[in-house]
Amino acid sequence: MSTPPLRRGTRIGTQWLSFRFDGRSYPAQAGDTAASALLANGVRLMGRSVKYRRRRGLLGAGPEEPNALFNVGEQPQLIPNVQATLLLLREGMSLASQNRWPSLRVDLASLLQAGGGLFSAGFYYKTFIWPSWRTYESLIRRLAGLGAAPLDCALPHVAIEHLACDVLVTGAGPAGLAAARAAARAGARVVICESEPVCGGELEFEGGHIDGQTAAAWLVRTLAELESLGARILTSTTVITDNGGEFIAHAEPGGLPGHNTMYRIRPRAMVLAAGALERPIVFCNNDRPGVMLLGAAERYLTRYGTQVGRELVLFANHDRVYASAQRLAAGGMAVRAIVDTRGADALMTGSAAHVLRDSLVAAGVECLAAHAVISANGGSGVRAVRVAPLHGGPPRKIRCDTILVSGGWSPALHGGFHGGAARAYAPPLDSFVAATSTETRRHAGSANGCLELGAALADGHAAGARAAADAKATGHAGVAPQGNGDPSPRLQAFARSPAAPAAERRQFIDLQNDVTVADLRVALAEGFSDIEHVKRYTTLGIGTEQGRSSAVLGAAVLAELKGESLAAVGVSRSRPPYQPVTLRSIAGFHVGDAVMVSRRTPLNDWHVAHGGMLEPMGLWMRPRYYSANGANPFDAAIAEARQVRTAGGIVDGSTLGKLEVAGPDAAAFLDFIYLSKASTMRVGRSKYMVNLREDGMVLDDGLVLRLADDRFLATTGSGHGTHMLSHFEHYRALHWSGRGVTVTDVTEAWAVIVAAGPRCRDALLQVLDTAWQAPIGRLGHMDFADGSHAGQALRVLRASFSGELAFELHCRPAGAVALWEALLAAGLAAYGLEAVDILRVEKGYLTGSELNGQTTPFDLGMAALVKQGNDCLGRALLDRPAFHEATRPRLVGLRACDGRSRFLAGAQLTTAAAPDRPQGFVTSSVYSPTLDQWLGLALLARNQAEGTQLMARDPLRGSDVAVHVVAPVHFDPASERMKG
Amino acid sequence: MQTQSSRCSIDRQAHGRVLEFAAFSWPQPGDAMVGWPSVAGAVRRDALNRAILLHFAPGRVLAPDPSAATEALLDAAAAQGVGSGIDVTGKWEHYIIAGPDAARLLACAIEPGAVLENRECAAVTLFDCPAVIARTHAGFELWLQSSYSADFLATAERFRAALQRT
Amino acid sequence: MRQLPCPFCGARELREFVFHKTLPAAASATADASADEFARTYLRVADPQLSVEHWQHVHGCRAWLLVRRNPSTGAVLAVQMLSGTAP
C-alpha cells in the first residue's frame, strides 16, 4: 500500500504513525483522532446501532458523537465505549468496533431489523412474555448494551486536586475567554475548564475580527494576558457534575482513561460558556453512514485536513449553510446541492448569505429553497438523496455520497441544569436557554443564545464582570472586546421532513438508542405524553449521549406529533456526568486495599509477622486466628479456645472503645446515659453497664471504671467506639452544655492485652514489676488498679469475657509489644477473635449479634438492671405494653438434641405445631471444644419454655436440626472459674 | 517512617507525652487565661517555633510534649474549673510535610488554603484519616490519629510519588 | 446542598458532616408523659419551609450543631452550636 499524501490541518503534525482497527492496519498522522484517521483512510462504517444493528458511521466530530464507540486494547485491559472523535491516536493502538458479531460487515443480529416492530419502544413490557421472560432473557441480555467490561481494571493512579477560586469559567471559546479576562482584570482568581485540548472554541473557525485583530491573534493575546493575571487554564478538562456547589471536573488528556485527574473546584461564582451543539434534522434513513453534521465536516477539514466525502449535499434551515458550502468547496469537495427548508425570500437581498448563494449557483451548485431531504438512499452508505418541495411537487433523486445536515444549535445547558435551573424557549434558536441565572451561575455566549461573535463577546464580558463582583473582587473589568463575525443565522424552525407513517420507523431521532419517530407515536398512543415520560419510555436521550444530539430534536418532533409548540413541550433534563467517566476515576484512591480505610492496633505488625490472619471488623484489622494453630479458621479457633481454658492465652483487645468522661458532673452525666447508676460506684471498681437508645432498645454495653470522683473510663463494644463517642457528645451538647463534664476519646491512647485462663495470674506476677505482686493478688473480680510497668503507665482490670480468670492490661501503645512478648514468654499463647467468640458463647456473654438494636433489656435478661426511678435516656419508653408481650423475644441457649449436629446463626426456630412460622432465630453459634458439641444463643418468643424442643430451620443453607432450649449459659453458670 | 524527595517529604517526628485539655464550655465565659489559645484554630508556639497548644476543636486544646510551664498552665486551668486535662499519649502521631510540593500533596485530600483561612490549625480528614493540620515555615505539620497511620502513609505516598512524576 | 458553616471551623464541605435527626416541627401536647415521649420519638410532622436539625461535624472538629434549613430549596438558614441543659 503506497503512503497517502500528508494532510494539513491545525491539529495534526507531519509525523506518521500506524494503528489497527478491526484487525487491519492503517496509517495516521500525529494529532489524528481515531475518527479523523479512519475517515482519511476511506473507512466509513464504524459501528452498528444498539437495537437494530444498523450500519453506522460518524455523525459528528466531538463529544456529541453517538455512533463511533470503540473498544481500545484487548482483554483483560479492554477499555470500551471510547468515542472515536475524542480518542487521540498513539503508535500501535489497537481499536475494535462494538456491538457486532461476527464482524462489522456481516452481523447476524442485524436480521433483527426484519422484526423491527417487535423491538419498538417499551417492547420488554409487551413482548417476550410467553411462556416466561426468562426464556428470552439471556439471549436479549447478550445482545443488549454497548461495549464489554474489562476483566481486569489495573489502571494507573488517578490524580486528585482540590482547588478553590473566585470565578470558574467552563469553556474557553470567545464568550468564556471574554468572561475570564473580565473577571481576572477585576482581580478575581479565575479557573477555566476547556474540554478540548486547545483553547478557542468557535474562534478556530471564525473568520471575523476582534478589537482590530484577527480572531486567531486575539486568542493568542488573550491567553497570554490571562496567564499573566494568574488565571489557571485546564485543557482536556470537562466539568462533569455539580456536587453541591463543588464542581467535579475530569481531565482526560488524549481521550482515554490513563493519567486522569479529578479536580474538585469550589468557586464563588461561575460562568457557563460551553457553547451550543449543532443538531440534525430528521428524515428517512438519516442514520446511514455518510450522514453527518455540517459543522463536523468543517472541523474535519480545518483541524485534520480530512475530506468527509467527495460529493456532498447540504441540508439546513439557516443562512450559514452557504458560507459552509463555500468553505467545503474550497477544501476540494464537490457540493452537488444545497437544500434549504426556508422559502426563496428567506435570504435578505444584499446579505452575505444571498451573495454567497448567487456565487454558488453560478459555480454549478443546485440551490433549492423550500425543499427538504426526504430520505437517504443506499444500503451500506449514502449513494443518493431524495429531495422534494415542501409545498407539493414530485420528489427527485440527487446522486451524492455524503449528506451534511444542520437544524440549528442548542445551547449546552447541562452544567446549569444539574443545579435545577429553569429553561426558557428562545425562538431565534428554536431551542432552550437558561431562564434565569441561579445563585451566581450565569450562562454566556452561544450557551446563552448569542450565536454571533460580537454578541457572544459582549455577553461573556458582562457575565465575567458580574461573576467577579459576586466573588467580591473589587477591581475594574475593563472594556468588553468588540468583534464582528458571521452574521445571525436567521434560522427557521424545522425538525423533521415529512414522511408516510410506514416510513417513520426509519426516521431516527436518537442514534445511540435507536429511537425513531414511530417510537414517539407509540409512546403517545400509550398515554405517555410528558417529555420526561417519553424519554424514559422510548429511551430517548439516555445513556452516554444524554440527549446531546437528540433531546431538543426529540422534543421538537414530539411537539409536532402532539400539535403543540416546542415551548409548551419543554425538553427533558439531562443527568450528570456531563461526559462519560470511568468508575475508576470516580473511585479515586478508594481502590484495592484502600477501598475502605483500615485502622490498626499497636500490635498489628506482630500479628502479621506471626501468622495472625487479619480481617476487617468495621474499620479495624483484627486477627481472626493464628495460622500456626490450624489450617483453617475453624480448627485454629478450637485449638486456641481449648488452650485458653486449659492453660491460658492472650488476645489483643486494643480496639475496645474507651471514652474518658471527666469533670464534677461526670457521674451525673453517666447516670443519665446508662441504665444503672455510675454515681454509686467506688473508685477502683468497674461495673457492667448497658445504655439505651431513645426508644428503649439496648444500644451498647461495656464496663465503666471509676478512676476518681470526677473521672470515669467508659468502654464500648469494639465496633461501636466512634458511634458511642458521637452519642456521648450529642447528649453532652444537648443537655449538659456549660455544665462540668467533658468526653475524650482515648481508644488509641491505650493498648489492651487481655490475659485469660488458669495460668494467667502467675504469668502476670512473673512479668510485671515487683510493685504489682500485692495488687494483683488483692484484685477482686471487677476491681482495677493503676500503676506503672517498665516506666510507663499501666492499668490492670480484673474482668472476663471468656468465663476464665482474666485480666485486662491497659498500657501505652509504645510499650504494648514488649509486654505482649513477655507474656508469651511466660507461657500464655496468642488467640484470635474466632476463639473469643467460642469462649463467650459458652459463657453466654453478648455481642452485637444479640445487642442488635431490636432488643430491650428485658429481652436480654437484664431486668435486674432496670430499676424503677433511674430516669436515664430511653427509660421512659421502656414501660410500653408492647415491650412486655408474650411474643417478645427472650435470650435463651440452644443445644442440638442429638448432641452432635451443627446449627448456624440465622437459622429460624419453629415448633412442630407451626413448622412455617418462626418463633425466633439463632443469634450466635459455635462449636465448643469444652463441651464437644455445637452451642448456640437465640432470641426466642417468651412463651416458649426452657426444655422445649424446636427445629432450627436453615433453608438457605439447607439444614434442619432439632434443638432444645436451655439456659443461656452453657459453661460454669456459677462463674467459679472467673471469680476464684 | 520517612519518604524523601527533593519536592515533598513526609517525616515522622518523635514525641513523648501528649495531653488534650477539654473545656467544659465553648466559647468560654469570662476572661481567657494568659497564654491560652482562646480563638478557634489558634496555635501557641515556643521560641523554637514548635507548636505547644493547638485549639483544634471547640474548647479542646492539643498539647504535644508539654514543658513544665505548659503543664503548669493546664493544671491551673483545671484548678480554675475551666475543664479537664486528659493524658492521650499514643493517640496522636506527629508528621511534618515539607518541600515546595507540600501544599500540592495536601490538595489531593483537601483545599488547604480554604481550610486554614483565618486560622492556624484545623481538624480535618485526610484520605479518610482524622488529623489536625497546621502551617509551618517548612510547609505543614499534622497530628494524625495513630490507628490510621499505616493507611494514611500508604495513600499519601502514592499521591506524593505521582506528583513527583508530573 | 453545598457547604455548612461550622461555627468553629468555618465553611466546610457537606461530606464532613453527618445528619442525625430532624426535630419535630410541632410539639404535641398530651397529658400522659410517656405518650408525649412516644410522640417526640416517633410522630414527626415535616414543615417544607423550615427544618430544624441536629448534625455533627464528624470529619472535622466533631462539634454538634443545630442547623436551620429550608428543605425545599436546600438553603441553609442558620447554623449554631447545639447547646442546652437537662430537660
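Between domain 1 of chain B and domain 2 of chain B, seven residue pairs are in polar contact (both at pLDDT 80 or more). That's a handy way into this structure, which is a predicted model.

**Inside chain B**

S10(B) has the largest share, with four residues. Sort that side of domain 1 of chain B by class and you get six nonpolar, two polar and five charged residues.

So much for the strands; here's the layout. The domain assignment puts residues 2–13 + 90–165 of chain B in domain 1, and 18–87 in domain 2. Going by C-alpha atoms, the centres of domain 1 of chain B and domain 2 of chain B sit 23 Å apart. Where the two domains touch, 13 residues of domain 1 of chain B meet 14 residues of domain 2 of chain B. Together these domains bury about 1,100 Å², with 60% of that on carbon and sulfur atoms. On the domain 1 side, Trp92(B), Cys121(B) and Trp143(B) lose the most area to domain 2 of chain B, and together they make up 44% of what that side buries.

**Where chain A meets chain B**

Now for the two chains. Here the contact draws 38 residues from chain A and 34 residues from chain B. About 2,800 Å² gets buried between chain A and chain B, 53% of it on carbon and sulfur atoms. In chain A, the residues that lose the most area to chain B are His162(A), Phe589(A) and Glu748(A), together 22% of what that side buries.

As for polar contacts, 17 residue pairs link chain A and chain B this way (both at pLDDT 80 or more). On the chain A side, strand S8 (159–170), strand S35 (657–662) and strand S39 (742–745) are the elements giving two or more residues. S8(A) gives the most, with six residues. By class, the chain A side that touches chain B has 18 nonpolar, nine polar and 11 charged residues.

**Salt bridges**

What about salt bridges? The interface between the two domains of chain B has two, and the interface of chain A and chain B has two. Here is one from each place:

| Where | Residues | N to O distance |
|---|---|---|
| Chain B | Glu141(B) and Arg45(B) | 2.9 Å |
| Chain A and chain B | Arg600(A) and Asp151(B) | 3.9 Å |

Technical notes
Residues are numbered from 1 along each chain as its sequence is written. Chains are lettered from A and ligands numbered from 1 in the order in which they are written. This is a predicted model: local features need pLDDT of at least 70, side-chain atom pairs count only at pLDDT 80 or more; totals for chains, interfaces and linings use all residues. Side-chain values use heavy atoms; hydrogens and water are left out. Domain bounds come from an automatic or database domain assignment. Contact means heavy atoms within 4.5 Å. Buried area is the accessible area (1.4 Å probe) that two parts lose on being put together, summed over both. A salt bridge is a side-chain nitrogen of Lys or Arg within 4 Å of a carboxyl oxygen of Asp or Glu. A polar contact is a pair of N or O atoms within 3.5 Å; within protein, one must be able to donate a hydrogen and the other to accept it, and residues adjacent in sequence count only if both atoms are side-chain atoms. Ala, Val, Leu, Ile, Met, Phe, Trp, Tyr, Cys and Pro count as nonpolar, Asp, Glu, Lys and Arg as charged, and the others, Gly among them, as polar.
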